[in-house]
Amino acid sequence: SPIPHRSKEFADLLRTTSEILTKEYKVKNCFLLTGSGTLANDVMLHQVRSAGGKGLILANGEFGERLIDQATRIGLDFIFLKLPWGEPFDLHETEQLIRDLSISWLAFTHCETSTGVINDLNRLTTIGIKYNCRCYVDCMSTIGTRPFDLSKITMATASSGKGLASIPGIAIVFSNIDPLPDPAIPSYFDL
């Protein structure tokens with residue numbers, strides 16, 4: 001049954017759900033928002049804009065390409081590495097780009113459901129740490145479908161209706177940093 005969103009029961013449910021997700025995926029914070037996975041990615045990318053720096057977005061399917069589109073609309077400073085759908089990334093080439101171009105943030109999709117390719121979250125975040133490059137990851141289709149550790153990411157996104165197989169309408173942002181205050185962020189996207 002629906003419960004009022006200002007009730008103690010709702011606040012307790014929200015807190016408990018956030019705590020379960022935080023513990024399960026080994027992150028500092030988990031924010032639950034009313035909206036879609038697209039909202040979660042927009043919220044995350046606005047945090048990228050607030051932090052600044054030049055980025056690299058990896059795309060080997062529809063959802064990597066969507067990250068490029070969203071980042072372009074927000075006005076982020078980035079380059080992209082776009083491969084044919086389903087082709088895996090050469091991680092040595094990716095590392096070389098991050099190193100040689102002084103990339104300060106990296107964004108990619110963990111599982112490209114358009115092709116079934118699972119990009120190497122652990123290796124990519126390890127490369128990011130090596131070069132002090134923040135990692136932002138779309139985990140829409142892997143949160144809830146497999147165990148993994150998000151302790152090395154900066155931020156990741158999910159939604160209730162994908163891998164968690166729940167009712168749609170809850171955007172999820174996992175974070176290992178505190179959200180940056182920025183009055184230029186539109187209210188709906190301000191974490």
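Contact here means heavy atoms within 4.5 Å. The model is predicted: local features need pLDDT of at least 70, side-chain atom pairs count only at pLDDT 80 or more, and totals for chains, interfaces and linings use all residues. Residues are numbered from 1 along each chain as its sequence is written, and side-chain values use heavy atoms, with hydrogens and water left out.

**Stop 1: N119**

Select N119, in the loop between β6 (117-118) and α5 (121-130). Helices (H or I, at least four residues) and strands (E, at least two) are DSSP runs, numbered from the N terminus. N119 counts as buried because its relative accessibility is 6%; buried means under 20% relative accessible area, exposed over 50% and partly exposed in between (1.4 Å probe, protein chains only).

Now show the contacts of N119. Apart from neighbours within four places in sequence, they are N60, F89, F108, T109, H110, E112 and L124. With N60, the N119 side chain makes a side-chain polar contact of 3.0 Å. A polar contact is a pair of N or O atoms within 3.5 Å; within protein, one must be able to donate a hydrogen and the other to accept it, and residues adjacent in sequence count only if both atoms are side-chain atoms. At T109, look at the backbone oxygen, which lies 2.8 Å from a polar atom of the N119 side chain.

**Stop 2: A40**

Move to A40 in helix α2 (residues 37-51). A40 has a relative accessible area of 0% and is therefore buried. Leaving aside neighbours within four places in sequence, A40 touches M140, T157, A158, A171, I172 and V173 in the contact sense. For a distance check, pick E65: its C-alpha is 16 Å from that of A40, at a separation of 25 residues in sequence.

**Stop 3: aromatic pairs**

The whole structure holds 4 aromatic pairs. Rings of Phe, Tyr and Trp (its six-membered ring) pair if their centres lie within 6.5 Å; planes under 30 degrees apart count as stacked, over 60 as edge-to-face and the rest as tilted. Select Y25 and F174, an edge-to-face pair at 5.6 Å centre to centre with 65° between the planes. Y25 is in helix α1 (residues 8-25) and F174 in strand β9 (residues 170-175), so this pair ties together parts 149 residues apart in sequence. Y25 is buried at 4% relative accessibility, and F174 is buried at 0%.

Next select F78 and W105, a tilted pair at 6.4 Å centre to centre and 50° between the planes. F78 belongs to strand β3 (residues 78-82) and W105 to strand β4 (residues 105-109), 27 residues apart.
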